[in-house]
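Here is a briefing on a predicted model. Please look over the sequence and structure before reading on.

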Amino acid sequence: MSALENDVSGILRPMFLHTRMVSEIDQRRLALWAVMKAILFDVAGEPVVPHGFGQSLNTFRQPHPDVRVWIAAYHDSDPLPLIIRPIYAESAEEAERLSGWCVTFAVVRVAFQVFTPLIEGDLAPLPDFLGSVVQVWPPTGSDLDRPPPYRFDSACLQALAARVNDNREVVEMEVTLVEAVGEPASGTDVDLV
């Protein structure tokens with residue numbers, strides 16, 4: 001196991017079991033790890049993410065500045081869900097032009113969403129599901145108070161994945177989130193999330 005994976009494992013394990021702050025440094029580690037996994041998922045198929053995004057990870061030890069990474073609490077019997085959504089250009093003349101790559105996956109009670117833009121532009125505001133989805137990359141400059149108010153299961157994860165979309169079709173989301181409750185870090189290792 002790499003040093004980064006050890007660091008991330010140490011961050012993930014208690015993150016949603018106990019109330020705790022997630023420092024900006026830990027957020028950067030989570031983002032780096034999530035983008036590495038998203039690039040590996042891309043390479044496992046027919047790669048679409050340009051080589052420069054992976055090179056940025058290797059050279060600067062952080063995600064490319066245009067990449068976006070969010071996290072949320074996750075709890076379900078499906079321990080490793082993966083949803084990959086190609087995002088296409090919105091205009092009719094560029095209808096088949098891939099404009100972004102969105103990977104949503106969960107590991108150890110944490111859902112990750114990584115959006116890699118393939119063309120320049122701004123991302124429209126996205127639903128945060130009542131504060132349950134928080135951005136960790138680019139850094140916001142503040143620590144995160146965890147756990148979030150609500151957690152996702154595998155059915156709700158589909159709605160999380162669909163929040164980044166290309167507007168080519170109407171996306172309707174019906175989501176029932178369950179309250180995420182953690183106990184103070186000084187408590188026992190009881191699974192409350």
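**Strand β5 and its surroundings**

Strand β2 (residues 68–74) runs antiparallel to β5, and six bridges join them. This is a predicted model: local features need pLDDT of at least 70, side-chain atom pairs count only at pLDDT 80 or more, and totals for chains, interfaces and linings use all residues. Residues are numbered from 1 along each chain as its sequence is written, and side-chain values use heavy atoms, with hydrogens and water left out. Helices (H or I, at least four residues) and strands (E, at least two) are DSSP runs, numbered from the N terminus. Strands pair if DSSP finds at least two bridges between them.

- V107 has V110 of β5 as its bridge partner.
- Two residues lie between the strands in the β4 and β5 hairpin, where V108 takes a positive phi near 50°.
- Eight of the eight residues of β5 (residues 110–117) are buried, so the strand is largely enclosed by the rest of the structure. Buried means under 20% relative accessible area, exposed over 50%, and partly exposed in between (1.4 Å probe, protein chains only).
- In a regular strand the side chains alternate between the two faces of the sheet.
- On one side of β5, V110, F112, V114 and T116 are buried; on the other, A111, Q113, F115 and P117 are buried.

**Helices**

- Helices α2 (residues 24–44) and α3 (residues 51–60) pack at about 145°, with their axes 11 Å apart. Axes are lines fitted to C-alpha atoms, for helices over the stretch in contact, and angles run from 0 to 180 degrees between N-to-C directions.
- From α2, L32, V35, M36 and I39 meet F53, G54 and L57 of α3. Contact means heavy atoms within 4.5 Å.
- The residues of this α2 and α3 contact divide into six nonpolar, one polar and no charged. Ala, Val, Leu, Ile, Met, Phe, Trp, Tyr, Cys and Pro count as nonpolar, Asp, Glu, Lys and Arg as charged, and the others, Gly among them, as polar.
- In helix α4 (residues 154–162), the buried residues include C156, L157, A159 and L160.
- The cover over the buried residues of α4 includes β2, β3 (82–88), β4, β5 and β8 (150–152).
- At the start of α4, a side-chain oxygen of D153 comes within 3.1 Å of the backbone nitrogen of A155.

**The loop between β5 and β6**

- S132 lies in the loop between β5 and β6 (134–137). S132 is buried, at 0% relative accessible area.
- The S132 side chain reaches the backbone oxygen of F129 at 3.0 Å.
- Beyond its neighbours within four places in sequence, S132 is in contact with residues including I71, P148, Y150 and L177.
- V133 is in the loop between β5 and β6 and is buried, at 8% relative accessible area.
- V133 and W70 are 63 residues apart along the chain, yet their C-alpha atoms are separated by 6.3 Å.
- F129 is in the loop between β5 and β6 and counts as buried at 12% relative accessibility.

**Backbone exceptions**

- Most residues other than glycine have a negative phi, and most peptide bonds are trans.
- F129, a residue other than glycine, has a positive phi near 50°.
- R61, in the loop between α3 and β2, is not a glycine but has a positive phi of about 55°.
- W137 and P138 are joined by a cis peptide bond, with omega about -5°.

Technical notes:
A polar contact is a pair of N or O atoms within 3.5 Å; within protein, one must be able to donate a hydrogen and the other to accept it, and residues adjacent in sequence count only if both atoms are side-chain atoms.
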